[in-house]
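Student: I have not looked at this structure before. Could you take me through it step by step?

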Amino acid sequence: MTIVAGMDIGSTTAKCVVLEGQRVLGKSLSPVGVDIVKDAERALEAALADSGIARSEVSFITGTGYGRYKVYFGQLVVTEISCHARGAHFLFPGTRVVVDIGGQDTKAIRVNEKGEVVDFSMNDKCAAGTGRFLEVCANALGFDIGEIGALSLQAKRPMRVTSTCTVFAESEVASYVSRGKDPKDILAGLHASIANRTLSLMQRVGIEPEVTFTGGVSQNGGMVRALNRRLGASVNVSPLSQYMGALGAALHGQERQAGGAS
Amino acid sequence: VAGLSPPLTAAAPAPAFLGDARSLQKQMLESYYARLAGTGEKRPPVAYMLVGGNLTEIVRSFGYDVVFPEIVALNCAIKHQSLENILHAESMGYGLDVCGYVKNDLGLQDLGGRTSFGQIPRPDLLVCSFSGCFVYVKWWEALAESYGAPLFMFDVPYMREPTVRKEDIDYLVSQLWEFIHLLEKKTGQAFDMAALQRVLAESRRAEEGWVEYLRAGRLRPSPIEAYFEAIFYMFPINVLRGTPEASEFYRVVNEEVRARVRDGIYPLPEETFRVLVEGVPPYTNYRTFWDFFRKWGAVSVVATYPKVGGLFDRGFLHDPSRPLESIAEYSLGAYVNQSWPLRRQIISDYIQEYSADAAIIHGIKSCRSFTAGQGDLRDWLIHDKGVPTLYIESDHQDPRYFAPAQIKNRMDAFFESLEQRRAVSAQKVPA
């Protein structure tokens, strides 16, 4: 069985998944800096090391994400919208809506029973409602991005964060802090604010079960709960959710190799 | 890297299908601005007007030349000269969310009216011919205050139903007489109905030629690019309508289109997708935006924007035998003067008549009268009409709102999904 790799070079991180048939052999996640070509190469090497295979064993590489054209060593580029759809459908075949919250983009993607994109809607050209929004606000509160989800789950009286602009939200957070509000309550308010914006994106494409949550922010338990509350239903989340774009890229590569439409 | 989504940086071949008509349009544009700058024969008086519902024929019958500040602004934008004017207008106090046309024009005027394509003359008369946008009304008031030129406000009722009401025509004709009396007083000339009828007959000839060109988009493959190419050819129908050179221009265009069909010359070697385009183009990044279509083999076969100066392809043509009534009907029929149910119907008809596979809507941040409602249009086309539709947004004047990577990403994803659906339907074996 042939081995393929999918590479998702996003605005914040590079993800790589190595796939053989339906089995994920290995994966990698690393930050993206100024030299995207080198970052992509490193991400591939790390995923190969995780898989325990040599580069020569990989027969096809697909790039996705904003840095997809920097995957010079690949054979195919596909947008991350198609890739998240395909990856989510692979892990959760009942998926009809994919919500991807990444570093700078939030997307709602409606898919059909084959995992093909039917419609999609994305945040406008600002970072409100994205991972960057959470990161900026986490920094304003003196927390690491990785710990704010769990902290938000401990909130007792969530605050209302009304600013939709990342910069203004940071000021709003600072104002709550100066008024002595509990950071956990502020964090819960920030998560609820993103859930509201995400819901309105989902409504544009039509909400239909099952909903699968992907992208880096899907690893944030506070965000999962905020979305579930807003939806009134549980979203699908997997340990591979952050790798969904790379997984979808690998699946597109498999199809292209097999001579399909991808 | 091969790919579903072609790279942003790959240079697309030049649009070689454009022939003599495009060269002629450039020459006409240059000589028009040269005439306005007074470098040729003595310059006639100038009336500033808005494209929608304009009263070109009436002022022309009094010997006026017409300046459309919207068109001057778009010429600045396509030549990458709009930002300087916009920033200057913002320094004068105009806010970030004020229309880009308005800021580009007011900034340009305040900077002395000098452009790379000529000196824009001061107005002798201001005619606010489209009152559907309140910002436009204020724009014309600002110009009147700045130049001290007489201002005529033409109040055109909004079209909420497809049939034109007699009361509306009467209301507009009474205003047209007021306008004519103002022109008589200002020029000292008596109104000459026969002169107006001659201008209208010339307008009609140009309109017939323009419609013939636009309808060529119905052919498969389409020999025309009904958005990116047609936008060049809007110049004669809007700016020079009523002159013999405008009607002659469309004769040349249609001859070229017939030759294209005969010789197999098309906008793209392969017409993969036939697209309807709705909305004002991002003039500041015109070629980049066009390339996003071309790389996917997408040809716009029909578009709404080239109709902002008149929905001539929907049955209306100026009628010299009913001069003022005909001008009133024209003004009512401006594309942006139509209610959203009417605009939706036009778009839906176009999709059928031109066999479009999909629709792309380009919204602009600075114009709510054109753009508000486009989100609902997108939903209606997808859910009620089953037409794959993409909505993207930037601006027609302000380059700060054009984010190429984001726009390309959305367009790539859209065309990928169209390609996937097409491949799947081709794989289906009939029972």
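This is a predicted model: local features need pLDDT of at least 70, side-chain atom pairs count only at pLDDT 80 or more; totals for chains, interfaces and linings use all residues.

Student: Where do the two domains of chain A run in the numbering?

Tutor: Domain 1 of chain A covers 1-92 + 240-262, and domain 2 of chain A covers 95-237. Their centres, taken over C-alpha atoms, are separated by 25 Å.

Student: How many residues of each domain of chain A are in contact?

Tutor: On one side there are 15 residues of domain 1 of chain A, and on the other 28 residues of domain 2 of chain A. The two domains of chain A bury about 1600 Å² between them, with 61% of it on carbon and sulfur atoms.

Student: Which residues of domain 1 of chain A lose the most area to domain 2?

Tutor: Those are Ile81(A), Phe92(A) and Ser241(A), which together account for 36% of what the domain 1 side of chain A buries.

Student: How many residue pairs are in polar contact across that domain interface of chain A?

Tutor: The rule finds 8 residue pairs in polar contact there, both residues at pLDDT 80 or more.

Student: Why are Asp170(B) and Lys166(B) about one helical turn apart?

Tutor: Because they are 4 residues apart in helix H7 of chain B, residues 166-187, they are separated by about one helical turn.

Student: Is Lys166(B) buried or exposed?

Tutor: Lys166(B) is exposed, with a relative accessible area of 58%. Asp170(B) is partly exposed, at 39%.

Student: What does Arg251(B) form a salt bridge with?

Tutor: Its partner is Glu248(B), and the closest N and O atoms are 2.7 Å apart. Both residues belong to helix H10 of chain B, residues 244-263, where they are 3 residues apart, about one helical turn. Arg251(B) counts as partly exposed at 41% relative accessibility, and Glu248(B) is partly exposed with a relative accessible area of 37%.

Student: What about Lys408(B): which residue does it form a salt bridge with?

Tutor: Lys408(B) pairs with Asp412(B), with the closest N and O atoms 2.5 Å apart. The two residues lie 4 residues apart in helix H16 of chain B, residues 404-427, which is about one turn of the helix.

Student: Is Lys408(B) buried or exposed?

Tutor: Lys408(B) counts as buried, at 3% relative accessibility. Asp412(B) counts as buried too, at 2%. Salt bridges that share partners join Lys408(B) and Asp412(B) into one network with Arg68(A), Glu80(A), Asp100(A) and Lys107(A).

Student: That network names residues of both chains. How many residues does the contact take from chain A and chain B?

Tutor: It takes 32 residues from chain A and 35 residues from chain B. The area buried between chain A and chain B is about 2600 Å², and carbon and sulfur atoms give 50% of it.

Student: How many salt bridges does the rule find across the interface of chain A and chain B?

Tutor: It finds 3 salt bridges across that interface. Asp119(A) forms a salt bridge with Arg378(B), the closest N and O atoms lying 2.8 Å apart. The rule also finds 11 residue pairs in polar contact between chain A and chain B, both residues at pLDDT 80 or more.

Student: Which elements of chain A each supply at least two residues of the side that touches chain B?

Tutor: In chain A they are strand E5 (76-77), H2, strand E8 (117-122), helix H6 (183-205) and helix H8 (244-257). The largest share of that side, 5 residues, comes from E8(A). The residues of the side of chain A that touches chain B divide into 14 nonpolar, 7 polar and 11 charged.

Terms used. Residues are numbered from 1 along each chain as its sequence is written. Chains are lettered from A and ligands numbered from 1 in the order in which they are written. Side-chain values use heavy atoms; hydrogens and water are left out. Domain bounds come from an automatic or database domain assignment. Contact means heavy atoms within 4.5 Å. Buried area is the accessible area (1.4 Å probe) that two parts lose on being put together, summed over both. A polar contact is a pair of N or O atoms within 3.5 Å; within protein, one must be able to donate a hydrogen and the other to accept it, and residues adjacent in sequence count only if both atoms are side-chain atoms. Buried means under 20% relative accessible area, exposed over 50%, partly exposed in between (1.4 Å probe, protein chains only). A salt bridge is a side-chain nitrogen of Lys or Arg within 4 Å of a carboxyl oxygen of Asp or Glu. Ala, Val, Leu, Ile, Met, Phe, Trp, Tyr, Cys and Pro count as nonpolar, Asp, Glu, Lys and Arg as charged, and the others, Gly among them, as polar.
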